[in-house]
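Subject: Structure for you to look at

Hello,

Here is the structure I said I would pass on. My notes on it follow below.

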Amino acid sequence: MFLSGAAAASAYVWIPKPVRGYTAAEMLATITIDNKVKPGTSKWELDTPALCVDLDKMEQNIAKMQSTLKVNGLASRPHSKTHKCAAIAKYQLQTGSIGICCAKISEAEAMIENGVDKICMTTSNPSKSKIRRAMAIRKKSSNFIQAVDLEENARDLSAAAKEAGVVADVVIDVAVGTRSGIPAGDDVLALAKVIDKLPNLKLRGMLSYDGGVQHAKGFAARKERALKTIQPNAEVFAGMKKAGLNAEIFSGGGSGTYNIMHQAPGFTDVQVGSYLFMDMQYLAIGGQDDANVYTDFQPSLTVLVTVLNNRFPGLLTTDGGSKAFTLNKPNAGVIGEPGMDYNAGSDEFGSIKITGTPSKSYKIGDKLECIVPHCDPAVNEYDWIYGTRKDKVEVVWPITGRGRSQ
Ligand SMILES: Cc1ncc(COP(=O)(O)O)c(C=O)c1O
């Protein structure tokens, strides 16, 4: 039932004009890199496990995000931690995003090496070595912004910027919840004043991402919680402005709150990541239109797996285990087979328990297509993502930041 709901979501009425984020030259380049898979190949012929993105759905997700934000008066600064793919980042920038975010300095390096500019590092870099790496990126791009949340770190950053001969743009990471950042309050203002005076730093504003609220179930509950938790941060942002500090960025929000954050006073842009792909975790949160299934965005990201064993009654073994899916909670969803319970708990093998009546009798070598439990870590397992349209491979993109976890 849950998966039929998710599949039905993919047929909803809103049809945007697709815009391509890659050139013919880029497509040709991918053919030389991976000459086994030519554009036009059916996705069902791919060796598995294969990470695929349905380009129509992904483009529609991007267009829906952009049109909603336009109405609400916010910009998008998508988080590239989800896709780690320079080609997709370029597509997001071409379709109206004001920049991209990176979580790790090595991800940002991979982006800049592959021609993606306008990066906001949303994680502070407390070590001197990483600060120097950040400033090496800043030397290559005047659009680089670095998050800080500690005075000592800001001073180190200013010194490294001086050494690199640049002025570093910074945003203060102000916590929502207890993960990262400085708690909202007077300390933020004090830090902002220090940054404002440091010779090689330029204050740009603040970040406030609430990770916990994104998957809160039910739109009304999510909205109430998101607007409550952002309130102290909005007050701090207003305080920065009142103090005459440069506060032009107030960024945060994710795919679960993209249509809520415009109600937070002063908010400028959302750092949405998963909206591109979706996953089983996000499908379960429910939205404004459907309390049970989050239908705002279509599940475009899938992993194709092959049946390796069908000999045991009520069971199938596939070639997609934890190295193909990473997380196993909730379980991967087999498209079109609501009566299959997929367990990707073992390293190399997936184990499917047949709990209902399958649509056909599966033989060894048959393929199944699955929605991943959580998109970000799954993407990080693959060198390539196959972009398909109407089930045919149109492009093969390298996951340029794959494995860049530093
Ligand atoms: C700082 C930050 N911003 C944005 C995002 C993207 O959120 P989502 O994938 O829910 O859209 C994340 C995801 O973890 C994040 O850590």
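In these notes, Ala, Val, Leu, Ile, Met, Phe, Trp, Tyr, Cys and Pro count as nonpolar, Asp, Glu, Lys and Arg count as charged, and the others, Gly among them, count as polar. Please keep in mind that this is a predicted model.

By that sorting, the shell around the ligand has eleven polar residues, four nonpolar ones and no charged ones. The ligand is surrounded by 15 residues, and the closest are Gly254, Ser255, Gln271, Gly273 and Ser274.

The domain assignment gives two parts: domain 1 (2-53 + 294-398) and domain 2 (58-276). Their centres, taken over C-alpha atoms, are 31 Å apart. Where they touch, 17 residues of domain 1 are in contact with 22 residues of domain 2. On the domain 1 side, helix H12 (residues 375-379) supplies the largest share, three residues. That side divides into eleven nonpolar, four polar and two charged residues.

Next, helix H9. Its 24 residues (219-242) reach 33 Å from the first C-alpha to the last, close to the 34 Å expected at 1.5 Å a residue. H9 has a kink of about 40 degrees at glutamine 231, shortly before proline 232. Its buried residues are Phe219, Arg222, Ala226, Ile230, Asn233, Val236, Phe237 and Met240. In an α-helix there are 3.6 residues a turn, so residues three or four places apart point the same way. Just after H9, glycine 244 has a positive phi of about 80 degrees.

Regards

How values were computed: Residues are numbered from 1 along each chain as its sequence is written. This is a predicted model: local features need pLDDT of at least 70, side-chain atom pairs count only at pLDDT 80 or more; totals for chains, interfaces and linings use all residues. A residue is near a molecule or strand if its C-beta atom, placed from the backbone, lies within 6 Å of it. Helices (H or I, at least four residues) and strands (E, at least two) are DSSP runs, numbered from the N terminus. The expected span of a helix is 1.5 Å times one less than its number of residues. The bend at a residue is the angle between axes fitted to the seven residues ending there and the seven starting there. A residue is buried if 20 or more other C-beta atoms lie within 10 Å of its own, exposed if 12 or fewer, and partly exposed in between; C-beta atoms are placed from the backbone. Domain bounds come from an automatic or database domain assignment. Two residues are in contact if their C-beta atoms, placed from the backbone, lie within 7 Å.
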